[in-house]
Amino acid sequence: MLAAIIYLAVKYTKFLISSFFKLNTVTWSTAVLCTVLVCAKFADRFPSNWKKAHDNVSLPVNQFETWALLEEGSEMFLPYLVIVIMWQYHLLCKKAA
């Protein structure tokens with residue numbers, strides 16, 4: 001799986017960068033998807049990393065719940081972003097035809 005991701009990243013990097021600066025909507029939406037994914041992963045790992053870094057002292061309950069809400073909310077948002085990206089791609093293909 002990792003090899004396939006690396007292959008696709010290397011193959012399409014030039015196209016993605018050039019289309020990003022040409023304000024391609026699908027590319028921008030994909031960038032938002034990746035950013036939300038990275039932020040969700042950060043929010044998921046932050047409480048446990050905090051506990052490891054501070055001698056097993058947990059975050060206060062309200063802060064822990066805030067991080068959990070941020071992580072779960074952003075993970076729930078990911079499928080909607082994928083649907084928007086596919087819809088944008090469909091509309092662009094329909095417009096080109």
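Modeller: Residues are numbered from 1 along each chain as its sequence is written, and the model is a predicted one, in which local features need pLDDT of at least 70, side-chain atom pairs count only at pLDDT 80 or more, and totals for chains, interfaces and linings use all residues. Side-chain values use heavy atoms, leaving out hydrogens and water.

Biologist: Which residues make up the largest nonpolar core?

Modeller: A nonpolar core is a set of buried Ala, Val, Leu, Ile, Met, Phe, Trp, Tyr and Cys residues joined through side-chain atoms within 4.5 Å, where buried means under 20% relative accessible area, exposed over 50%, and partly exposed in between (1.4 Å probe, protein chains only). The largest such core has six residues: Val26, Leu33, Val36, Leu78, Leu81 and Ile85.

Biologist: Which helices each supply at least two residues of this core?

Modeller: Helices are DSSP runs (H or I, at least four residues), numbered from the N terminus. Leucine 33, one of the core residues, is in contact (heavy atoms within 4.5 Å) with Leu78, Leu81, Val82 and Ile85, leaving aside its neighbours within four places in sequence. The helices that each supply at least two core residues are α2 (25-53) and α3 (61-96).

Biologist: Is serine 19 buried or exposed?

Modeller: Serine 19 has its place in helix α1 (residues 2-21), and its side chain reaches the backbone oxygen of leucine 16 at 3.2 Å. Leaving aside neighbours within four places in sequence, serine 19 is in contact with Asn24 and Thr27. Because its relative accessible area is 5%, serine 19 counts as buried.

Biologist: Which helix gives the largest share of the lining of the largest pocket?

Modeller: On a 1 Å grid over the protein atoms alone, a pocket is an open set of points where a 1.4 Å probe fits, with protein on both sides within 12 Å along at least five of seven lines, and lining residues have an atom within 4 Å of a point. The largest pocket is lined by 15 residues, of which Leu8, Tyr12, Leu16, Thr30 and Cys34 lie nearest its centre. Although α1, α2 and α3 each supply at least two lining residues, the largest share, six residues, comes from α1.

Biologist: Where is leucine 23 found?

Modeller: Leucine 23 has a positive phi of about 60° although it is not a glycine. With a relative accessibility of 59%, leucine 23 counts as exposed, and its place is the loop between α1 and α2.

Conventions
A polar contact is a pair of N or O atoms within 3.5 Å; within protein, one must be able to donate a hydrogen and the other to accept it, and residues adjacent in sequence count only if both atoms are side-chain atoms.
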